[in-house]
Amino acid sequence: MLSAFDHSSQAAAPRVASLAALTAFVDSPQTSQALEEFRQHISPGELVLQTAQTAAQTAGRVKAELGENEESEELVIVVRALRKCLAYDGVLENVVREPQLRRVLIDAAESGSTLLRRLLVQQLGKLIGQGSAGVELAIEAKLYELLPGLLGDPDVGVASDAAKAIVASLESRQGCQAFSSPEFFQSLMAAAASPDEMVKVRTLALFVEAGRKNETVFNELADRGAFTVLVNSFATDDLLLKISLVALIEQLASYRAGAKFLALSSIPRQLVGELAEDSVDETSRVSLVHAIAELIKQQPEIGNEMFQVQGGSLAKTLVEFQHSVPATPQEKSDLCCAIAAWGSIASSPLGYEAVQKAAPTVGASISSYFTGETEIANLAMDAWSNVLNSLPDPLAPDVESKLKSLAESVCHTHVSRPFGESRAHSYPLLTALCRSRLAVQTIMGSEEIRRSLVDPFSDDSSDAKYAKNAFIKKLAADHLDWLRTVIEESYLTKLKTFADAGPFYIPPGTAVPTINSTWV
């Protein structure tokens with residue numbers, strides 16, 4: 001494998017490629033021949049040195065967002081050439097392994113050229129994405145330790161890519177060890193304490209995603225106070241910052257370890273308390289409800305308390321969010337939030353009991369939205385699917401009593417909306433209803449549904465076809481024996497054939513429908 005330099009002397013006396021040679025390489029196809037021809041003008045190591053020199057001569061001294069500092073035409077073409085060169089197999093690794101280039105790479109993190117900083121962090125992310133070997137090389141070259149500083153870069157692209165690289169490094173043991181080292185972690189905590197709100201939120205978001213990625217890392221973050229910083233930051237009067245923090249809390253609550261941490265903190269009560277504040281706008285209230293619902297979903301034992309504190313403001317908000325026919329985008333957002341929140345909260349016995357007791361009208365109305373606007377109808381069907389798929393056996397009598405009516409509602413929607421975008425949601429609910437014999441009796445009592453189940457052309461999208469096949473398989477597996485007492489054997493044999501043959505089965509000899517068209 002070729003090294004970064006073709007000759008050892010090139011590091012001390014590097015060549016400089018002409019603008020014409022650089023442009024020709026950039027415009028050439030990504031082939032080994034193109035690289036060989038380009039290396040007649042300059043080696044990858046020399047190109048790194050030329051890029052750094054060009055940036056030093058032409059870029060400003062102050063870091064800025066891309067576009068705020070003017071980048072010279074020469075620098076743009078040099079960076080493009082270097083990016084293309086580094087895309088060839090082995091070139092990036094050889095450049096990073098070259099001791100005489102490491103100082104140049106490290107210094108690039110402080111360059112006034114945003115193009116150069118973006119290139120650095122993108123290539124660092126690419127290296128880390130290679131797994132253990134790439135992470136080890138990044139650590140050895142002292143490039144990994146640049147990442148916390150890059151989180152505070154004024155360019156959002158640089159900072160975002162730095163965060164992604166850190167999270168990606170946690171896929172490997174070496175990355176987890178480097179992440180947890182005292183120096184690296186202290187640098188992250190310093191970024192989380194930054195007076196710059198964007199840097200603070202970005203770093204806290206990194207903590208949330210790092211904890212999701214690796215449970216051991218989560219425990220270390222919790223023990224070392226990273227999530228306490230998030231909780232404490234919530235006590236702010238800055239509305240925009242609070243909105244961002246609510247979104248982070250919602251993300252932290254979306255996985256078990258994070259929700260457990262939050263449930264033991266003051267955050268749940270604080271979130272409900274925010275709902276009662278007159279100063280909170282509608283968009284923020286939607287975010288708050290989503291976050292609270294995620295917390296109760298992951299930690300159902302706090303459900304009753306959440307509905308009782310602050311004078312029952314959570315239940316009142318869910319009821320207020322119910323608009324029979326949304327008249328504005330905000331009302332639609334409110335309604336979608338209420339439906340999704342109910343589906344999350346009610347997905348456990350404790351959560352179901354809590355929400356039904358505190359806000360019974362919310363759950364009672366979900367099926368009424370099956371005939372509403374497509375997006376809302378699909379969300380409502382998904383909410384019930386989630387609840388039925390999540391609740392353990394045996395279903396509570398209160399749930400059982402609703403299934404016949406629920407089956408009738410979804411059957412009506414299923415038949416009246418024979419479109420893929422709808423049936424990709426109605427079929428899963430029909431499948432979830434297979435938990436109940438009474439519901440299946442209602443479903444199979446529909447002649448239209450029985451006919452469509454053995455019609456290979458009843459659905460026009462792949463998603464709907466897969467969902468249909470899953471429903472038929474569930475019927476055949478759980479209900480075929482007793483269905484034989486009420487439905488003719490020939491139909492059930494055909495149904496079983498469709499179940500076994502897969503979503504795209506067409507019986508032999510079936511005529512494929514044609515669409516007649518007239519040319520005018």
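Visitor: Which helices each supply at least two residues of the lining of the largest cavity?
Guide: They are α4 (44–58), α5 (73–86), α6 (91–97), α7 (99–108) and α8 (114–128). Helices here are DSSP runs of H or I, at least four residues, numbered from the N terminus. This is a predicted model, with local features needing pLDDT of at least 70 and side-chain atom pairs pLDDT 80 or more, while totals for linings use all residues. Residues are numbered from 1 along each chain, and side-chain values use heavy atoms, without hydrogens and water.

Visitor: Which one gives the largest share?
Guide: That is α8, with six residues.

Visitor: How much space lies in that largest cavity?
Guide: About 220 Å³. Of its 18 lining residues, Leu86, Leu105, Leu119, Leu120 and Gln123 are the closest to the centre. A cavity is a set of points on a 1 Å grid over the protein atoms alone where a 1.4 Å probe fits but cannot get out, and lining residues have an atom within 4 Å of a point. The volume is the space filled by probe spheres set on the points, which are joined across faces, edges and corners.

Visitor: And the second largest cavity, how much space is there?
Guide: About 100 Å³. Its lining has 13 residues, with Lys465, Lys468, Phe498, Gly502 and Pro503 nearest the centre. Helix α31 (residues 462–483) brings the largest share, four residues.

Visitor: New topic: is Ser284 buried or exposed?
Guide: Ser284 is buried, at 6% relative accessible area, where buried means under 20% with a 1.4 Å probe, protein chains only.

Visitor: What is Ser284 in contact with?
Guide: Leaving aside neighbours within four places in sequence, Ser284 is in contact (heavy atoms within 4.5 Å) with Leu239 and Ile243.

Key: Buried means under 20% relative accessible area, exposed over 50%, partly exposed in between (1.4 Å probe, protein chains only). On a 1 Å grid over the protein atoms alone, a cavity is a set of points where a 1.4 Å probe fits but cannot get out, and a pocket is an open set with protein on both sides within 12 Å along at least five of seven lines; lining residues have an atom within 4 Å of a point.
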